[in-house]
Amino acid sequence: MLTIELEKKSVAYRKKILYYIKKANAGHTGGSLSCIDILNVLYNNVLNVNPENINSPDRDRYVQSKGHSVEALYVVLADKGFFPVSDLETLCQYKSHYVGHPTRKVNGIEQNTGGLGHGLAISAGMAMSAKMDNKDYRVFTLLGDGELAEGSNWEAAMLISHYKLDNLTAIIDRNTLQITDRTSNVLSNEPLAEKFAAFGWAVKEVDGHDFAVLSTILNKGAFEKGKPNLVIANTTKGKGISYMEDVLKWHHGVPSDEQYELALKELAEKELLLEIK
Amino acid sequence: MEQGIPNLVAFAETMEALAAKDKNILAVTSDSRGSGKLVNFGKLYPKQIVEVGIAEQNLVGMSAGLASTGKKVFAVSPSCFLTARSLEQIKNDVCYSDNPVNLIGISAGVSYGALGSTHHSLHDIAVLRAINNIHIIVPADNFETREAIQLAAQVDKPVFIRFGKRPMYHLHNSNTKFELGKGITLKNGNDLAFIATGETVYHAYKASEQLEKEGIKCTVVSMHSIKPFDEQLLLEVADRCQSMITVEEHCINGGLGELCASILMQYGKKLAFKIVGIPDEYTVTGSQVDIFNHYGISEEGLYKVGKTLVEENISV
Ligand SMILES: Cc1ncc(C[n+]2csc(CCOP(=O)(O)OP(=O)(O)O)c2C)c(N)n1
Ligand SMILES: [Mg+2]
């Protein structure tokens with residue numbers, strides 16, 4: 001898909017994310033907006049996965065380790081036809097499968113996540129199985145930067161490089177914020193690139209809102225043969241809505257009616273700009 | 001009944017009062033300062049709060065180390081993560097090594113509602129019951145919460161306290177006494193007993209009011225202390241009531257209900273008995289209220305179970 005099409009899709013996705021969060025009166029707004037461009041590129045330009053092949057053992061796998069940004073995943077999966085978008089009207093309601101974290105009850109979702117620090121190890125197992133069976137599917141996982149404090153990530157990071165799982169790509173949504181504060185104040189994980197490199201990973205740092213760069217890098221295959229791939233995606237939490245960008249409280253803030261209108265207005269303006277581009 | 005504040009807030013206020021008097025009081029958090037309502041605590045006592053990042057195992061391990069040096073540590077994290085992810089640290093570093101850490105499981109049970117099962121703690125009472133050397137307290141209202149936190153600051157033993165985040169109703173008057181290992185009897189009727197714990201006590205109380213309108217006299221006990229447990233009170237209630245219902249915001253496996261059943265059985269007590277809690281199944285989705293209503297942990301649900309149990313018991 002062309003960059004301009006991806007750009008338009010992201011505006012539409014952002015509208016939907018806000019609509020469903022507003023409707024459910026709950027959700028992880030900031031982190032969904034920071035990773036939506038990454039999910040957009042993954043599902044529209046990278047992953048070999050669609051409603052037809054979702055049960056194929058050869059499909060690519062995507063595991064969302066930062067499960068709380070589930071609204072972004074729902075919106076993209078609905079757009080790709082994994083389920084009718086109208087299903088999302090039931091988000092967080094009684095007996096709805098669309099809960100506040102990913103579950104396999106929803107078509108297209110590979111693994112149940114929500115407790116942080118699980119996705120990397122699960123992905124390791126999937127990638128190892130591909131190597132065992134000589135399959136060429138790839139495995140992608142998305143982590144939060146605050147999430148990296150969980151020790152399980154570093155156990156998995158060692159395991160993955162030890163077994164040379166170069167068919168695995170971990171993407172870090174490095175929006176530099178978590179719930180309490182900036183990640184550097186809560187528990188610093190810098191120098192991040194050097195740490196992963198020291199753990200045996202091939203590391204690339206990119207702008208996590210640059211569609212062209214993300215498309216290129218995620219389609220590349222292994223950055224270095226025999227090494228797992230780490231993409232540090234520098235992002236802005238709350239991206240796309242001026243008053244949410246890089247503001248801590250939007251981690252799980254729900255916009256008021258007025259704020260919601262303002263957000264829609266900003267997105268409409270962006271849409272217009274893209275039309276004339 | 002008058003509405004109070006969330007137990008979570010009662011906890012945070014008590015922490016502030018304790019910290020004001022004792023520099024050894026520490027709150028340790030895992031990106032959970034906001035969820036634990038400890039932002040103000042952090043402003044008032046910045047030297048008495050330690051942030052470890054999103055790392056619950058580290059939270060408990062380093063809390064054990066701090067406690068070993070005489071600090072009065074409150075490790076505060078959502079109960080789901082605190083008691084599952086850090087279980088080995090709790091078992092070895094806190095309980096087995098006897099480091100008196102106070103584990104505060106916030107937003108326990110199904111408080112997180114529609115966030116789903118990753119965020120529910122329906123196992124915490126069961127797993128900690130199976131670990132030696134830890135007190136388990138599940139307070140029902142603001143009074144019990146404050147008392148439990150104050151008690152935890154005093155006892156030189158590991159303590160686990162879990163509660164939710166919804167505003168709770170006041171169940172007690174100013175004469176009520178709170179003691180570790182002692183349930184609190186809210187009323188004393190002899191037809192049907194509700195033995196409840198935590199936020200469910202309120203619902204049992206409301207159900208008892210409905211049942212009493214139909215002439216069914218009820219006992220309601222807040223069994224806040226799961227370990228040590230008030231066997232004596234349970235047996236005394238079993239002797240004078242024909243029927244008993246236990247109520248908990250927890251999986252029915254290994255919780256309050258099974259604990260009561262095992263005691264009653266071993267003492268040869270025979271009475272109509274029913275366990276109300278979350279069954280061992282894929283938990284229904286929805287808000288805490290939805291989940292409570294679905295499984296009958298509600299005024300209406302408990303009223304119905306109570307009525308049926310009493311009627312069946314009479315007809316036998
Ligand atoms: C094991 C675990 N501990 C705590 C939480 C609660 N929690 C949910 S999101 C979050 C902050 C995540 O920050 P980050 O990883 O930076 O994500 P993002 O900024 O992308 O939202 C926390 C602490 C959790 N879901 N799982
Ligand atoms: Mg972050």
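By class, I find 4 nonpolar, 3 polar and 3 charged residues in the lining of the largest cavity, where Ala, Val, Leu, Ile, Met, Phe, Trp, Tyr, Cys and Pro count as nonpolar, Asp, Glu, Lys and Arg as charged, and the others, Gly among them, as polar. The residues lining the largest cavity include B:Arg162, B:Phe163, B:Gly164, B:Glu199 and B:Glu249. I note a volume of about 50 Å³ for this cavity, and the structure holds 2 cavities of 30 Å³ or more. The search runs on a 1 Å grid over the protein atoms alone, where a cavity is a set of points that a 1.4 Å probe fits but cannot leave, a pocket is an open set with protein on both sides within 12 Å along at least five of seven lines, and lining residues have an atom within 4 Å of a point. Grid points are joined across faces, edges and corners, and a volume is the space filled by probe spheres set on the points.

I note for the record that this is a predicted model, in which local features need pLDDT of at least 70 and side-chain atom pairs count only at pLDDT 80 or more, whereas totals for chains, interfaces and linings use all residues. Residues are numbered from 1 along each chain as its sequence is written, chains are lettered from A and ligands numbered from 1 in the order in which they are written, and side-chain values use heavy atoms, with hydrogens and water left out.

Next I looked up the largest pocket, which holds about 950 Å³ of space. Of the 50 residues that line this pocket, the closest to its centre are A:His28, A:Ile179, A:His252, B:Leu115 and B:His119. Its lining divides into 14 nonpolar, 24 polar and 12 charged residues. In chain B, helix H1 (7-21) and strand E4 (72-78) each supply at least two lining residues; helices (H or I, at least four residues) and strands (E, at least two) are DSSP runs, numbered from the N terminus.

I then turned to the interface, where the contact (heavy atoms within 4.5 Å) takes 27 residues from chain A and 21 residues from chain B. The two chains bury about 1,900 Å² between them, 54% of it on carbon and sulfur atoms, buried area being the accessible area (1.4 Å probe) that two parts lose on being put together, summed over both.

How many salt bridges lie between chain B and chain A? I find 1 salt bridge between them, defined as a side-chain nitrogen of Lys or Arg within 4 Å of a carboxyl oxygen of Asp or Glu. The side chains of B:Arg85 and A:Glu150 meet in a salt bridge at 3.0 Å, N to O.

Last, I checked the backbone for cis peptide bonds. The bond from A:Glu190 to A:Pro191 is cis, with omega near -5°, and A:Pro191 sits in the loop between helix H6 (183-186) and helix H7 (192-198) of chain A. The bond from B:Lys227 to B:Pro228 is also cis, with omega near 0°.
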